[in-house]
Amino acid sequence: MSLLIKNGEIVTASTRYVADIWCENETITRIDRNIPAPAGSEVIDAQGKYIFPGFIDPHVHIYLPFMGTFAKDTYETGSKAALIGGTTTLIEMLCPSRAEEPMAAFELWLGKAQGNSACDFTFHMGVTRYDDKAEKQLTEIIKRGISSFKIFLAYKGAFGLSDEELYKVLQLAKKLGVITTAHCENEQLVLELQKKLLAEGKTGPEWHHESRPPMVEAEGVHHLMSFAKQLDAHVYIAHTSCEEALREAVCGKMAGVNVWVETLIEYLVADKTFAERPNFEGAKFVMSPPLRDKRNQNILWNGLRDGIVSTLGTDHAPFDFATQKQMGIKDFTKIPNGMPTLEDRVNLFYTYGVKRGRLDLHRFVDTASTQAAKLFGLFPRKGTIQPGSDADLVIYDPNYRGKLSVKTQTMNVDYNPFEGMIIEGRPSAVTVRGQVAVRDGKFVGQIGRGNFLQREPNHF
Ligand code: URP
Ligand code: ZN
């Protein structure tokens with residue numbers, strides 16, 4: 001299997017030039033001008049297009065038992081949607097319940113993905129309980145190729161950890177050379193505010209963000225910073241939504257904490273008024289941390305531009321509006337939290353970031369691909385274009401014009417939160433380790449081709 005991509009403008013986090021890319025089997029083996037096409041090789045003319053390294057989504061939920069239901073995508077639908085949108089690597093949050101044994105959960109999640117994914121994948125190992133038994137199994141799971149944990153300081157009684165557990169998880173992570181990603185919200189404050197709002201008869205989705213104001217998130221980040229500083233642990237703040245939380249992370253950085261920040265495409269292009277839409281439509285936009293005041297968007301864009309925010313994810317968590325979101329029709333605390341964005345992250349980021357002059361092409365690639373590869377032990381296999389890297393390539397057409405719609409999406413959910421929004425660019429072809437998986441917006445790849453990406457700890 002050989003593939004030659006000719007005349008494209010290669011853009012990585014730090015370089016930009018026109019050249020041909022020669023891929024043998026699964027790997028990029030040569031980048032040069034005027035590479036001749038050997039007989040039998042597949043050739044793609046990328047004249048007038050960018051060639052980006054495959055994008056990495058560092059925060060995805062595919063198999064997610066949550067709030068009395070399950071997120072809608074399978075690896076088949078989710079990986080297809082990801083690839084159509086230019087994402088070639090998924091890092092899924094593996095979220096067991098407290099009652100589940102970590103190793104059994106790891107096997108369960110791996111089984112859901114292996115043989116069913118069209119793109120490569122790995123997991124952040126969710127730690128939702130900590131005791132001696134869990135510690136032994138987590139140590140084994142690291143040996144199986146996982147080098148990151150996921151913890152929740154939110155969702156009391158479900159995924160949330162006590163402070164004692166938080167301390168011990170970070171201690172173990174430090175010992176094993178693992179980075180810990182964290183959902184930072186003070187779970188007790190959320191619970192108290194939810195009770196107060198419901199008691200006042202405030203039951204609609206428009207009250208969701210009032211139950212989780214910025215200080216609730218900022219307190220979660222501050223809390224994590226205190227523990228991480230004490231233990232010299234490496235931590236990553238998932239889905240940072242607002243100035244207050246970002247400030248706490250920056251204070252942590254200045255205090256010497258090894259901390260990195262993720263934001264989500266949702267926070268950049270939507271604000272809390274979306275969740276205030278009438279007739280329960282706001283439920284489509286209920287996620288945690290919630291969509292914020294619009295003023296936060298510039299702060300997050302600037303953070304991405306300046307490197308204060310390292311990565312852009314989705315926290316893709318699709319729940320049908322007609323059925324699942326209705327579980328909270330009388331009580332917003334029962335609306336399954338999450339939005340479907342896996343397919344549209346890159347195109348929205350390009351359109352509303354690069355095209356609107358908010359960040360340059362290099363920061364675009366860095367925050368949507370390279371940084372995640374570096375932080376989570378995938379670089380330079382993923383996240384860049386150079387000889388020896390996996391041939392995961394996005395041939396991107398900056399002249400494409402289109403609109404997002406549930407009618408044309410591949411994500412397995414009954415709405416698109418950004419219905420009708422314009423995109424100015426999309427992948428015209430996407431490769432997965434040297435094989436074309438998307439052409440002109442259509443999936444032409446192979447279900448089951450996606451590999452579990454084994455990662456090493458101590459890669460910092
Ligand atoms: O609202 C969200 N983010 N749902 C998915 C679970 C989580 O909190 O990451
Ligand atoms: Zn979360």
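How many aromatic pairs does a search of the whole structure find? I got 26, pairing rings of Phe, Tyr and Trp (its six-membered ring) with centres within 6.5 Å.

Ground rules for my notes: this is a predicted model, so local features need pLDDT of at least 70 and side-chain atom pairs pLDDT 80 or more, while totals for chains, interfaces and linings use all residues. Residues are numbered from 1 along each chain as written, ligands from 1 in the order written, and side-chain values use heavy atoms, without hydrogens and water.

**Entry: one pair**
I looked up F106 and F123, which sit edge-to-face at 6.5 Å centre to centre, with 85° between the planes (planes over 60 degrees apart count as edge-to-face, under 30 as stacked, the rest as tilted). F106 belongs to helix α2 (residues 102-113) and F123 to strand β10 (residues 120-126), 17 residues apart; helices (H or I, at least four residues) and strands (E, at least two) are DSSP runs. F106 is buried at a relative accessible area of 0%, and I found F123 buried at 0% too (buried means under 20%, with a 1.4 Å probe and protein chains only).

**Entry: a cluster**
I noted one aromatic cluster made of Y50, F52, F55, W301, F349, Y350, F364 and Y396.

**Entry: ligand 1**
Around ligand 1 I listed residues with a heavy atom within 4 Å, among them H59, H183, H239 and D315. For polar contacts (N or O atoms within 3.5 Å), I have a side-chain atom of H61 at 3.1 Å from a ligand 1 oxygen. A backbone atom of S288 is 2.8 Å from an oxygen of ligand 1, and one of N337 is 3.0 Å from a ligand 1 nitrogen.

How values were computed:
Buried means under 20% relative accessible area, exposed over 50%, partly exposed in between (1.4 Å probe, protein chains only). A polar contact is a pair of N or O atoms within 3.5 Å; within protein, one must be able to donate a hydrogen and the other to accept it, and residues adjacent in sequence count only if both atoms are side-chain atoms.
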